[in-house]
Amino acid sequence: MEKFKLVPKDRINKLPKTAGVYCFWVQNEIIYIGKAINIKERVKNHFFQPTYKDNLYIQKVEKIGFIETGSEIGALVLEAKLIKQYQPKFNAVWRDDKNYFYVAIAEGKNRIPYVSITHQPNKLNVKGQRSNVVYIGPFVEGNSLKKTLKILRKVFPFYTSAKHPDKKCTWCHLNLCPGPNPDLQEYKKNMKKLALILRGKRKTVLYSLKKEMQTLSKEHKFEDALILRDKIQALEQVMSHANVIRQENTNLATVKQGLFLLKSWEKTEKLLQGILHYKNPISKTECYDISNIQGTQAVGSMVVFVNGKPDKSQYKKFRIRMENKPNDIAMLGEVLARRLAHPEWGYPEIMLIDGGIAQLNVGIKSKNKSLENITAAKFSREVKNIKIISIAKGKEELLIEGSPKIPLKNLPQEIYNLIVHLDDEAHRFAISYHKLLRSKNVMGRNA
Ligand SMILES: [Zn+2]
């Protein structure tokens with residue numbers, strides 16, 4: 001149980017400048033609770049720039065209590081918990097219940113939970129029955145709560161409506177939604193953790209995630225353990241970051257721009273699905289190139305496009321390890337095998353290779369071979385779903401795994417542009433790496 005540290009009201013300067021929750025005491029009673037990014041500044045405002053509401057009680061305050069949370073989200077969650085516990089008089093004076101916000105975790109179709117924000121907890125449903133809903137709150141500020149949920153949604157993707165469409169939705173593409181066919185047991189477990197965090201039980205959740213990760217590692221399920229490790233890190237980061245909600249404001253612009261790009265990607269995606277006979281949504285494409293420029297070491301390069309746009313942060317280079325002057329095909333096989341052994345990079349829906357039928361076949365072979373080493377069902381499904389295609393520039397053809405080839409000139413403009421852009425980008429990336437290697441060699445000799 002969190003305890004307030006107390007200072008007399010003439011010692012405001014002793015208050016910390018960190019994020020947390022504060023309260024005002026009159027005769028051993030808590031009459032008001034608030035949260036702040038900077039406790040000291042916020043409390044000063046109550047006293048020195050009082051609002052009409054502050055003037056109702058501020059003169060009577062004897063002591064100020066505070067609890068540091070280290071983060072804005074922590075403060076938001078703790079504020080709700082403590083208001084519920086103490087029900088301070090002056091929090092209630094200008095707020096009836098309808099002005100508070102609650103997170104509702106309700107059961108939708110097939111009793112699958114979804115998350116929403118409401119003003120009215122314990123509302124009876126139309127049939128007059130109490131539905132199976134968990135309410136968490138009360139939260140004071142709706143906007144901060146929305147942003148907090150959005151941040152937590154990155155760690156624990158959730159539904160926001162009772163029924164998900166059969167296909168991936170926009171939120172699916174942003175990794176904020178568990179998708180049309182999630183692992184239900186896993187999803188429900190995640191929703192329990194989300195509820196615990198919103199109730200201020202962050203430590204319990206982190207502890208149980210760490211335990212689960214250890215168990216998975218012991219069982220040699222390293223890929224699943226990696227997914228958990230990322231969750232733990234993300235959670236620790238948002239919960240320890242003082243101003244994460246404020247930052248989210250700036251991120252919003254990026255998200256909006258992302259949504260715009262998604263719209264224009266949707267058309268290309270439809271065309272692509274038609275041409276490749278691919279029924280799943282497509283968002284990630286990787287393109288490979290092997291370059292063996294005379295006098296330098298052979299390298300494989302991988303470029304990544306997400307929704308039709310390069311994502312340089314995901315690019316990778318591979319220094320070929322094979323010896324004895326291997327041929328291009330064997331080197332490509334090596335690069336693909338090494339790449340497919342990294343589920344934590346996230347698998348693409350499409351792999352584009354520079355080359356003809358021999359390259360396409362080595363791509364298919366590498367994919368099938370990698371499946372022998374993948375134990376997690378999720379990842380083997382993702383690898384099976386990868387479509388291998390290759391661009392044979394000499395013959396001006398696009399070769400497609402499991403489908404007849406198509407002359408490049410017959411491709412819709414959008415697809416032609418995408419393929420050429422990917423291929424150019426892979427070459428550009430490979431050459432820039434060669435230049436880097438050469439300059440290093442030169443430096444090495446001089447040193
Ligand atoms: Zn979705």
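Me: What should I know about the model and its numbering before I start?
Reply: The model is predicted: local features need pLDDT of at least 70, side-chain atom pairs count only at pLDDT 80 or more, and totals for chains, interfaces and linings use all residues. Residues are numbered from 1 along each chain as its sequence is written.

Me: Start with H12. What span should helix H12 have, and what is the distance between its ends?
Reply: H12 covers residues 357–370, which is 14 residues. At 1.5 Å a residue it should span 20 Å, and its end C-alpha atoms are 20 Å apart, so the two agree. The expected span is 1.5 Å times one less than the number of residues. Helices here are DSSP runs of H or I with at least four residues, strands are runs of E with at least two, and both are numbered from the N terminus.

Me: Which residues of H12 are buried?
Reply: Gln-359, Leu-360, Val-362, Gly-363, Ser-366 and Ser-370. Seen down the axis of H12, these buried residues fall within an arc of 165°, so they line one face of the helix. The arc is that of the directions from the helix axis to the C-beta atoms. Buried means 20 or more other C-beta atoms within 10 Å of the residue's own, exposed means 12 or fewer, and partly exposed is in between, with C-beta atoms placed from the backbone.

Me: And what do they pack against?
Reply: Helix H11 (328–340), helix H13 (377–384), and strands S12 (350–354), S13 (387–392) and S14 (397–400). Contact means C-beta atoms, placed from the backbone, within 7 Å.

Me: Another helix pair. At what angle do H7 and H8 pack?
Reply: H7 (residues 184–198) and H8 (residues 202–218) pack at about 145°, with their axes 7 Å apart. Axes are lines fitted to C-alpha atoms, for helices over the stretch in contact, and angles run from 0 to 180 degrees between N-to-C directions.

Me: Which residues meet there?
Reply: Lys-193, Leu-196 and Ile-197 in H7 meet Arg-202, Thr-204 and Val-205 in H8.

Me: On to sheets. In what order do the strands of the three-stranded open sheet come?
Reply: The order is S6-S5-S7, with antiparallel pairing. Strands pair if DSSP finds at least two bridges between them. S6 (113–118) and S7 (133–139) stand at the edges with a single partner strand each, so one side of each has no neighbour in the sheet. The twist averages 15° from one strand to the next.

Me: How many bridges pair S5 with S6?
Reply: Six, with S5 at residues 101–107. Ala-104 has Ser-116 in S6 as its bridge partner.

Me: Where is the cis peptide bond?
Reply: Between Gly-137 and Pro-138, with omega about 5°. Pro-138 is in strand S7.

Me: What about S2 and S3, how many bridges join them?
Reply: Seven, and the strands run antiparallel, with S2 at residues 20–26. Val-21 stands opposite Lys-35 in S3. In S3 (residues 29–36), seven of the eight residues are buried.

Me: Which residue in that hairpin takes a positive phi?
Reply: Gln-27, near 45°, in a hairpin with two residues between the strands.

Me: Last one. Is Gln-87 buried or exposed?
Reply: Exposed, with 12 other C-beta atoms within 10 Å. Gln-87 is in the loop between H3 (72–86) and H4 (89–92). Its phi is positive, about 45°, although it is not a glycine.

Technical notes:
Two residues are in contact if their C-beta atoms, placed from the backbone, lie within 7 Å.
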